[in-house]
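Please read this note with the model open beside you. It takes up a pocket, a pair of helices and a sheet in turn.

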Amino acid sequence: MDPSEITPVAQDYLKAIWSATEWGDPPITTKGLAERMGTTAPNVTDTVKRLALQGLVEYRPYRPVTLTARGEQHAIAMVRRHRLLETFLVSTLGYAWEEVHEEAERLEHAASEAMIERIDARLGRPTADPHGDPIPTADGAVRHPPGTTRLSGTTPGVYRSIRVSDADPRLLARLRDQGIAPGTTLTVTGHDDDGGTTAVLDGEPEPVVIPAEESRAVWVTPVPLAADGSAPADSP
């Protein structure tokens with residue numbers, strides 16, 4: 001589906017509504033949309049009502065906003081654009097992962113479907129963006145790794161980071177400085193009273209405390225252990 005069939009404002013709203021629930025959080029409210037879009041609740045209500053009239057969302061006062069089937073198709077198409085552009089900016093133009101979100105937000109509205117397809121082919125059909133978010137296929141399929149959980153909700157054990165939230169560039173920079181990115185192995189030993197996670201990263205000799213905010217922004221999957229109790233080096 002070609003996102004250019006709808007306005008840039010509609011594109012942004014549909015993408016925000018879809019992304020809000022992607023990793024297990026509840027559907028977004030008009031208040032949440034106002035915070036996400038940097039506007040007022042009355043403005044959001046007016047926009048959502050227009051989207052409902054276009055058959056893109058389901059809207060009922062005082063209830064979360066959800067997408068129709070057509071709205072979801074448009075949302076996924078925009079997510080695909082955004083994540084391919086982020087991947088291109090990092091892998092080809094040398095951007096840092098905390099720099100790409102806002103840049104991709106601007107570019108995604110101007111890029112044609114032909115350009116997005118060429119970027120996808122040039123990059124070798126990547127399956128995830130630099131933050132670990134899955135890149136939808138051209139036909140709208142989205143494949144999330146099974147068994148993911150936030151690092152903040154883990155029990156002691158060995159995990160591999162799958163995804164980090166790109167909502168805050170400063171947080172991304174802190175995670176980079178801590179050595180945490182998609183693919184990092186973490187041996188979790190516990191959590192402190194403030195919500196931080198104590199873990200050993202990729203074989204480092206000493207454990208570190210990953211603060212609560214960073215811990216909530218990292219999604220991980222358990223690593224199956226080898227017979228000797230170690231984490232296989234080639235485990236997915």
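The numbered points below describe selected features of this structure.

1. The model is predicted: local features need pLDDT of at least 70, side-chain atom pairs count only at pLDDT 80 or more, and totals for chains, interfaces and linings use all residues. Residues are numbered from 1 along each chain as its sequence is written, and side-chain values use heavy atoms, with hydrogens and water left out.

2. The largest pocket holds about 890 Å³ of space. A pocket is found on a 1 Å grid over the protein atoms alone, as an open set of points where a 1.4 Å probe fits, with protein on both sides within 12 Å along at least five of seven lines. Grid points are joined across faces, edges and corners, and the volume is the space filled by probe spheres set on the points.

3. The lining of the largest pocket consists of 30 residues, where a lining residue has an atom within 4 Å of a point. Ser19, Ala20, Arg36, Asp166 and Ala167 lie nearest the centre of the pocket. By class, the lining has 14 charged, 11 nonpolar and five polar residues. Here Asp, Glu, Lys and Arg count as charged, Ala, Val, Leu, Ile, Met, Phe, Trp, Tyr, Cys and Pro as nonpolar, and the others, Gly among them, as polar.

4. Helices H1 (8–21), H2 (30–37), H4 (69–91) and H5 (100–107) each supply at least two residues of this lining, and H1 gives the most, with five. Helices (H or I, at least four residues) and strands (E, at least two) are DSSP runs, numbered from the N terminus.

5. H1 and H2 pack at an angle of about 115°, with their axes 11 Å apart. Axes are lines fitted to C-alpha atoms, for helices over the stretch in contact, and angles run from 0 to 180 degrees between N-to-C directions. The contact (heavy atoms within 4.5 Å) joins Asp12, Tyr13, Ala16, Ile17, Ser19 and Ala20 of H1 to Leu33, Arg36 and Met37 of H2. Six of the contact residues are nonpolar, one is polar and two are charged.

6. Six strands form an open, antiparallel sheet in the order S3-S8-S4-S5-S6-S7. Two strands pair if DSSP finds at least two bridges between them. The edge strands S3 (149–150) and S7 (208–210) each pair on one side only.

7. Within the sheet, four bridges join S4 to S5, and Gly157 has Val188 of S5 as its bridge partner. Five bridges join S5 to S6, with Gly190 opposite Thr198.
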